Amino acid sequence: TKAQIGVTGLAVMGRNLARNFARNGYTVALHNRTASRTHQLVEEFGEEGIFVPAGTAEEFVAALERPRRLVIMVKAGEATDAVIQEFAPLLESGDMIIDGGNAHFADTRRREKELREKGIHFVGTGISGGEEGALHGPSIMPGGSVESYASLGPMLEKISAKAKDGAPCVTHVGPDGAGHFVKMVHNGIEYADMQLIGEAYQLLRDVAGYSPARIADIFRSWNEGRLDSYLIEITAEVLSHVDAATGEPFVDIVQDQAEQKGTGRWTVQIALDLGVPVSGIAEAVFARSLSGHADLRAASRHLAGPSALALPESEAAAFADRVEQALYASKIVSYTQGFHEIAAGSETYDWDIDSGAVARIWRGGCIIRAAFLDRITAAYEAEPGLVSLLSDKEFADEIAAAQDDWRAVLVAATIQGVPTPGFAAALAYYDALRAERLPAALTQGQRDFFGAHTYRRTDREGSFHTLWGGDRSEVEA
Ligand code: 2AM
C-alpha cells in the first residue's frame, strides 16, 4: 500500500507532524537527508501507526499515492529551496508540495509560481503550536490552490487542533503565500501579547510590589476571566517556578535578554511596506531588541530615574485590577492592528482572506489561542466588512469601560519609571484613531513650507501650495 502523505525533514517538528498523521490512521512515508533520523523515528514510534521509511528521494516519491502529498519540514530559507530542487524533478502534474516551515510569504509566492508552471501545487502552510502542537494538534494555515485544499484539507482537519466547539483549527486561508502571511502576523501578535504580559508583570512587581509567586496567582485568576489564554496560563507557570539550584524565583535567574527568530520582525517590515500602523507589534519587537543590547544597557544604568515609591500595600490590589483592564484594552488594540495587516495583505495580493475564519482557526492549537478569539470571529461574522475591530460595538464598549484604568496604569508606570511601550503604543493608537483632529495637518504645513509638497483643504477639493517665501498667498497646485 502506498502512503497518503510523506514528510521529509524529521527534526522535532517534522517528526511530530509525521507521528500525528500516523496516529490519525494515515500511512506516512518518511524521509530525511540524514537517514539515521528516519530509522530513529521508526524505532521509537513505529508502533503508533504505519510508516514507510525511505532512504532516497526516489524511494520516498515512489512510496506516495498519486496525487502525491509531500510535506517539507526543514529550516526556512535555503534548505527549503534545496529540498524543492531535489524533489520537484521527481514529481508529476497534480502532485503537492506542502511547506510547513516558517517561510517568508514572498518566498512562498515565488516558489508557488515556479512550481505552478510545472503543474505542481505548492502549499505554503503556517503551522503553530510548537512541538506539542505538531504532535497533538496544531493550528494550521495553508495557502495554495483551491484544488490542493480539496485533496489535503480533510487530512489537515483530522490532525489539527479542535476548538472548544469541536471545529478544526484549519481553513484554506487563500492562494499562494496567504497561509504563510497569516502565520507571520500570528507570530507578530504573539510578540505583542507576550510584551503586554511582560509589562503587566513588571508593573505588578515594581509598582504593586508583589512577588513572582503572588503575581502567578494573579495571572491564574485572570486566566479564569476574559483573558483566558494559553500565554496567560504559561505565564503563571513560569512565574511560580522556583530555580532548584538557588531557591530563587526562576524569573530572577534567567538573563533578561529576549531572543527572536524573525517572524515578528517580518510582520513589522511588511506592515511598513503596506503602510499599516502596527505600533504595538513594533514596540514588542523593539523591546526584545533593546533587551539584547547588553552594552547599551550597562552604559545606561546610572541614568536618573524617579524617586517615587511603590504603592502602599492597601492600594496594590486595586492597582492589579487596573492592570488587568490595561492589559485587556491593549490586547484588543494589538489584535486590531494585526487584523488590519491581514486585511491589507489580502487586498494587496488579492487573497480574499476571511478574517473571521482566521480568528476561528486561532482558537485552538496555536500559541495565541484564547477565549477572546471567539469574540473576534463573532465580530467579523456580524459584519464581514468590519473596517477595524475597534468599530465592533462590543469591543468599543469594553475599551470604553477599561480606558480610565488603562490611563491610570500608564500614569503610574510613567511616574514610577517602569517602561510600558506596549501599553503606551496601544493607548496612543486608540487616542489617535478617535481624535477629531490630528497634528498631521501641521505636518502637511511643514512639508509644504520646506518642500512645496502641497496640501488639501478641509473646505474645498484640490491641491494647494502657500507661497511661504513670498507673500504667503495660496495657489492651486
Ligand atoms: P538533517 O537531519 O540531515 O540535518 C531541520 O534542520 C531539518 O531540516 C533536519 O531534518 C535536517 O536534516 C533538514 N535539513 C536542513 N537542511 C537541509 C538541506 N539543505 N537539505 C535537506 N534537508 C535539510
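Reader: Which helices do the buried residues of H12 pack against?
Author: This is a predicted model, in which local features need pLDDT of at least 70 and side-chain atom pairs count only at pLDDT 80 or more, while totals for chains, interfaces and linings use all residues. Residues are numbered from 1 along each chain as its sequence is written, and side-chain values use heavy atoms, with hydrogens and water left out. Helices (H or I, at least four residues) and strands (E, at least two) are DSSP runs numbered from the N terminus. The buried residues of H12 pack against H5 (105–116), H8 (178–206), H13 (279–292) and H15 (313–349).

Reader: Which residues of H12 are buried?
Author: Buried means under 20% relative accessible area, exposed over 50%, and partly exposed in between (1.4 Å probe, protein chains only). In H12 the buried residues are Thr263, Gly264, Trp266, Thr267, Val268, Ile270 and Ala271.

Reader: What distance does H12 reach from its first C-alpha to its last?
Author: H12 covers residues 263–274, which is 12 residues. The expected span is 1.5 Å times one less than the number of residues. For H12 the expected value is 16 Å, and the helix reaches close to that, at 16 Å.

Reader: What is the phi of the residue that follows H12?
Author: H12 is followed by Gly275. The phi of Gly275 is positive, near 70°.

Reader: Why do the buried residues of H4 lie on the same side?
Author: In H4 (residues 78–87), the buried residues are Thr80, Asp81, Val83, Ile84 and Phe87. They lie on the same side of H4 because they cover an arc, taken from the directions from the helix axis to the C-beta atoms, of only 165°.

Reader: Which exposed residues are carried by the face of H4 turned away from its buried side?
Author: An α-helix has 3.6 residues a turn, so residues three or four places apart point the same way. The face of H4 turned away from the buried side carries Glu78 and Gln85.

Reader: At what angle do the axes of H9 and H15 cross?
Author: Axes are lines fitted to C-alpha atoms, for helices over the stretch in contact, and angles run from 0 to 180 degrees between N-to-C directions. The axes of H9 (residues 212–222) and H15 come within 12 Å and cross at roughly 45°.

Reader: Which residues make that contact?
Author: Contact means heavy atoms within 4.5 Å. H9 contributes Arg214, Ile218 and Trp222, and H15 contributes Glu313, Ala320, Val323, Glu324 and Leu327.

Reader: Is Glu398 buried or exposed?
Author: Glu398 is found in H18 (residues 393–416). Leaving aside neighbours within four places in sequence, Glu398 is in contact with Arg226, Tyr328, Ile332 and Arg375. At 18% relative accessibility, Glu398 counts as buried.

Reader: What is the omega of the peptide bond from Arg66 to Pro67?
Author: Most residues other than glycine have a negative phi, and most peptide bonds are trans. Pro67 is in the loop between H3 (57–62) and S4 (69–72). The bond from Arg66 to Pro67 is cis, with omega near -10°.

Reader: What is the phi of Asp350?
Author: Asp350 is in the loop between H15 and H16 (355–361). At 67% relative accessibility, Asp350 counts as exposed. Asp350 is not a glycine, yet phi is positive, near 60°.

Reader: What is the phi of Arg472?
Author: Arg472 is found in the loop between S8 (464–466) and S9 (474–476). Although Arg472 is not a glycine, phi is positive, about 65°.
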